[in-house]
Amino acid sequence: MLTLDGVTAGYGDTTVLWDVSLDVRAGEAVALLGRNGMGKTTTLRAIMGLNPARAGRIAFKGRDITRLTPFQIARCGIGYAPEGRQLFAPLTVVQNLRIPFVNKHPDPRQWPAQLERVFALFPVLRERSRQHAGSLSGGEQQMVAIARALVGGDELLVLDEPTEGLAPTVVAAIVEGLRTLKAQGQTVLLVEQNAHTAFAVADRAYVLEKGRIALARATAELRHDAAAVQRYLGVDA
Amino acid sequence: MSRRTVAGAALLAVALALPLALAGTRYANYVEHLAVQVMLMGLYAMAWDFLNGYVGIFSFGHAAFFGTGAYVTAILIVRGAVTSAPLVVAAALVASAVVGLVVGYLASRVGSVAVFLVTFACAEALYLIVLADPRGITNGDNGLPGVVPAHWLGLDLTDQVTFYYLALTVLVLAYLALVRITRSQFGQVLLGIRENEVRVRFAGYHVEHYETAAVAVSAVFAGLAGALTALHERIASPETLGWAVSGDAVLYATLGGTGTLLGPVLGAGLVIAAREVLSDFFRSWLIFVGATYIALVFFLPGGLYPVLFPEKKRR
Amino acid sequence: MIFVLQVLNGLTIGAIYILLASGLTIVFGLQGIVNVAHGVFYMLGAYLAIDLYPRIGFAATLVVVFLITGALGLVLELVGVRPLVRWKRHGMQVLVLTLGVAIIASEVTKLIWGPVPRLSEVPAALAGATTIGPIVYPTYWLFVMGFTALFMTLLALAFYRTTLGILVQSIALNSEIAQAMGTNAPRINSLVFALGTGVAGVAGVLAGPILSVYPTMCFDLLMILFVVVILGGLGSLLGIVVSGILIGLVNAFGVAYLTGTVGNILAFAVMIAVLIFRPLGLFGRAGILK
């Protein structure tokens, strides 16, 4: 569904990604792993057009999206949950969700259904729906961020560190949510520093090291390769 | 020898020789008068460029400093009967510095876009005060004529040629001084603030203090230009505080090349020369100015300087 | 009694400031740019009204001017501002560009209509005075106040109740992420810009009979407008309402009890005083709030 081919990207004068190629097939959950500063967020931002690729090609459902503007890319059917959540804090949860729905969903009558789908996934949000997004706890905000990526009915979910900085119980709740989504057939690309989360959700994983793809393996294999995990992620599996 | 050095040396040589070459000719006075205007406005624009190009503060109220310099000079000579040029200019510089500190204090505390508005507001405030002339000092919108300094070190400052060389000397010294400042530790911190304010702050520098100081420095040089202009034209008029003069600084610097210190002088020269030549042909000189702004933004965002001397700017 | 009249005067002038400032401050909140040419649309509105009102009546004039100044604003945004934003050269460059436009517009206006100030007529339907209790006040001025109050209420409702309003807020809060959520920010920015200039034109029509109409009015009022916008806090609607009223009052009392220009100086003094304690203005913050 999503293909990156030889993508090079960076910020200002610096290049962060070098010749990155990866793909995500329909119905898969793919993880992009690596330590801090290896270029994971840059990759996602390149996909979303926030930091356009300087070289290479990005294709979504066969369509070249490398040079499209961010809102065009989002409207192609990609739901994005950025690093650090970045919710619209003064707006309510519902308003935060309304925005991507209104922009992307082809059928306005589906609004109640989409809301319901999101609340079924993260029941906590139901009570919080009229609260200002900024007043929610970290975990709840993350749920809103993921819900925001979902509610537009997009075919591909792109999530940047969805469990970052959250307490273990909350992480578990989110991982559960992601697994449910995957079981429903949702295609997911997620960036993670936390290998456990990645292994719990994804089918395949790419590992980024200093802006290049160092490894591409099925997670079933990778999780048992303690040496690789240690080397690239610095964590004991 | 870089192109820049050669051009600079040539220009300096021409400038030095000009009055000698023109001596005795019919239009000597006219050309020299114009040349002094170019030099003083160039100094003024240079001061602006220091603030904008090196520190990153876009002031739209530099007329405040220029006009302060002009009026303090004029008031001291005409109302205060102080005719010693160096004393008067020194006082003008101090006054400009004070105004610079006040404006700088405000400018350093508001966001980078609000700076434009705030500096504009400050200049307008001064303009209005001078116009309203509550104590009858400034003579309102007639301006304050009769700014005639006494002889200094045996030099007659009312003599065009003498003043020409004085202005040239001041311009060169001011340029050297500003270059020295930009290369000093103070200047490096300012550059750092422009590039990455957060990082500089974390390094322990009190950003607001530096910015305030930078504005004051710029104000002193702008005030110097204003003071000398008052002496040269022998009048201080309210226009020196108006937004048109503030806009002139922006125009000269953006046309000539921001962040270069010399670019503004070039810009001043071009604009003033063009104004002389063209205002006979165009009914509305200002339309030309407006069109230049627009063209600049689209075609020459860095001004002419980088086009003429495409070497990488030394920081 | 005089006091009350001055307060009403201040409110009326303040109303005009508020109408004008709303366009400026919202565009700043959205795109971080200052449109120095904003005053041009105001000026255009005033001049157009002088010619149009006798022919098509007041209400039609308001609508036509809104459409014209809105359309012209849209052109400016598309041709001038958008490319600069796209090349990431906004901020100072937009400033210089709009400044150039403003200078040209002012000069062209002088050439077409002459430098002599004019006063446009009060529309017949609103002429005369209204009596409220012991106070007799020009009807038209009350109308201007009412119009502004209505407008600001509608604006606030639009921001906080409509979907478009929420989209606009999201752009002001985080333009990048708003776009990643599929919001067509460039289009919305253009729309808002054009609405702002349209309202500026309308403000010009309304202000014609109150303040005089002359070619440099786009700059003179801009100065006060900047004070209002900064004082209120860039990007804040509530801010401009409060500061608009405040500056309007300061102006009215300044003009009444001191000389004209001193009124303006007072406005600056107030702004400077507030900035010392609250550098972002009274209600300055990222994002638009009421």
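How far apart are the nearest C-alpha atoms of chain A and chain B, two chains that do not touch? In this predicted model, the nearest C-alpha atoms of chain A and chain B lie 12 Å apart, and no contact is formed between the two chains. Of the 2 pairs of chains that do touch, the pair formed by chains B and C has the most contacts.

The contact between chains B and C draws on 34 residues of chain C and 32 residues of chain B. On the side of chain C that touches chain B, the elements that contribute two or more residues are α4 (92-113), α9 and α11 (260-277) of chain C, and among these α4(C) gives the most, with 12 residues. Divided by class, the residues on this side of chain C comprise 25 nonpolar, 7 polar and 2 charged.

Within the contact of chains B and C, one helix pair may be described in detail. Two packed helices are described by the angle between their axes and by the distance between the axes. Helix α5 (residues 114-132) of chain B packs against helix α9 (residues 217-232) of chain C at an angle of about 130°, and the axes of the two helices are 10 Å apart. Because angles over 145 degrees count as roughly antiparallel and those from 65 to 115 as roughly perpendicular, α5(B) and α9(C) are therefore classed as oblique to each other. The crossing in which α5(B) passes α9(C) is left-handed. On the side of α5(B), the residues that take part are A114(B), L117(B), V118(B), F120(B), A121(B) and E124(B), and these meet M223(C), F226(C), V227(C) and I230(C) in α9(C). By class, this contact of α5(B) with α9(C) consists of 9 nonpolar residues and 1 charged residue, with no polar residues.

As to the confidence of the prediction, chain B has a mean pLDDT of 83, with 96% of its residues reaching 70 or more. Among the elements of chain B, the highest mean pLDDT, 91, belongs to helix α9 (residues 207-233) of chain B, whereas the lowest, 76, belongs to helix α13 (residues 305-308) of chain B.

In chain A, 6 strands are arranged as an open sheet with mixed pairing, in the order β6-β7-β8-β3-β9-β10. The edge strands, each of which pairs on one side only, are β6 (78-81) and β10 (212-218) of chain A, and the twist from one strand to the next averages 15°. At one end of this order, β6(A) pairs with strand β7 (residues 156-160) of chain A in the parallel sense over 4 bridges, and Y80(A) has V158(A) in β7(A) as its bridge partner.

Definitions and conventions: Residues are numbered from 1 along each chain as its sequence is written. Chains are lettered from A and ligands numbered from 1 in the order in which they are written. This is a predicted model: local features need pLDDT of at least 70, side-chain atom pairs count only at pLDDT 80 or more; totals for chains, interfaces and linings use all residues. Axes are lines fitted to C-alpha atoms, for helices over the stretch in contact, and angles run from 0 to 180 degrees between N-to-C directions. Angles under 35 degrees count as roughly parallel, over 145 as roughly antiparallel, 65 to 115 as roughly perpendicular and the rest as oblique. A crossing is left-handed if the near helix is turned anticlockwise from the far one by less than a right angle, and right-handed if clockwise. Two residues are in contact if their C-beta atoms, placed from the backbone, lie within 7 Å. Ala, Val, Leu, Ile, Met, Phe, Trp, Tyr, Cys and Pro count as nonpolar, Asp, Glu, Lys and Arg as charged, and the others, Gly among them, as polar. pLDDT is the predictor's confidence in each residue, from 0 to 100. Two strands pair if DSSP finds at least two bridges between them.
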